[in-house]
Amino acid sequence: SSGINAEYGGDKFVSCSDDRTLRIWCKDDTKNTKYACKSSVCGFPHSPQNTKYACKSSVCGFHNRPIYDVSWGRHGYIATAAGDNAIRVFEQQGSSVLLAHLQEDAHQGDVNCVRWKGNLLASCGDDETVRIWSLET
């Protein structure tokens, strides 16, 4: 699983962590911003080397256990997999990140990984199953 995933266009990425926080990072060339990483360190293949990123949005309080994985789909939705057995889907609107969908008890145990393929979301969990979910827009 991966705690980081780039937006389709490559100008932003999203990270998740054991502190139950989702963060959205954007390219930022200002001199007064504290940077978390440069593209040469994070390994983004489509960004020029040494592109700087700054945290622009931080979301917490939606999962009550660590977030293990995050996936940013081409349609703009961000899915999270966490230790609370749930999947959450978020939508970025301007500088806000809103909860678009919640799937409680998505697995009988931790949800370890999520991946978008079009409007389908695959998830796998500690229950040794892979499930396919359909995004209804």
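Me: What share of the 137 residues of the protein count as buried?
Reply: Bear in mind that this is a predicted model. A residue counts as buried when its relative accessible area is under 20%. Among the 137 residues of the protein, the share that passes is 42%.

Me: How is the chain built up, and how many strands does it have?
Reply: Going from the N terminus, the elements run β-β-β-β-α-β-β-β-β-β-β-β-β. That pattern holds one helix, and the number of strands is 12.

Me: Where is confidence lowest in the protein, and where is it highest?
Reply: Overall things look like this: the average pLDDT is 83, and 82% of the residues score at least 70. Over residues 38-43 pLDDT stays under 50, and the model has 13 contacts for them beyond four places in sequence. Confidence is lowest in helix 1 (residues 39-42), with a mean of 43, and highest in strand 11 (residues 120-125), at 96.

Me: Is Arg88 buried or exposed?
Reply: Arg88 lies in strand 8 (residues 87-93). The cut-off for buried is under 20% relative accessible area. Arg88 has 7%, so the word for it is buried.

Me: Which backbone oxygen does the side chain of Arg88 reach?
Reply: Leaving out residues up to four places away in sequence, Arg88 touches a set of residues including His63, Ile78, Leu99 and Glu104. Phe62 is also one of the residues it touches. At 2.6 Å, the side chain of Arg88 reaches the backbone oxygen of Phe62.

Me: Which strands stand at the edges of the open sheet of three strands?
Reply: The order in this sheet is 10-11-12, with antiparallel pairing. Neighbouring strands here are turned by 20° against each other on average, ignoring direction.

Definitions and conventions:
Residues numbered from 1 in each chain as written. Predicted model: local features only at pLDDT ≥ 70, side-chain atom pairs only at ≥ 80, totals over all residues. Heavy atoms only, no water. pLDDT = per-residue confidence, 0-100. Helix = DSSP H or I, 4+ residues; strand = E, 2+ residues; numbered from the N terminus. Contact = heavy atoms within 4.5 Å. Buried < 20%, exposed > 50% of the residue type's maximum accessible area, 1.4 Å probe, protein only. Polar contact = N/O pair within 3.5 Å; in protein donor to acceptor, adjacent residues only side chain to side chain. Pairing = 2+ DSSP bridges. Axes fitted to C-alpha atoms, helices over the stretch in contact; angles between N-to-C directions.
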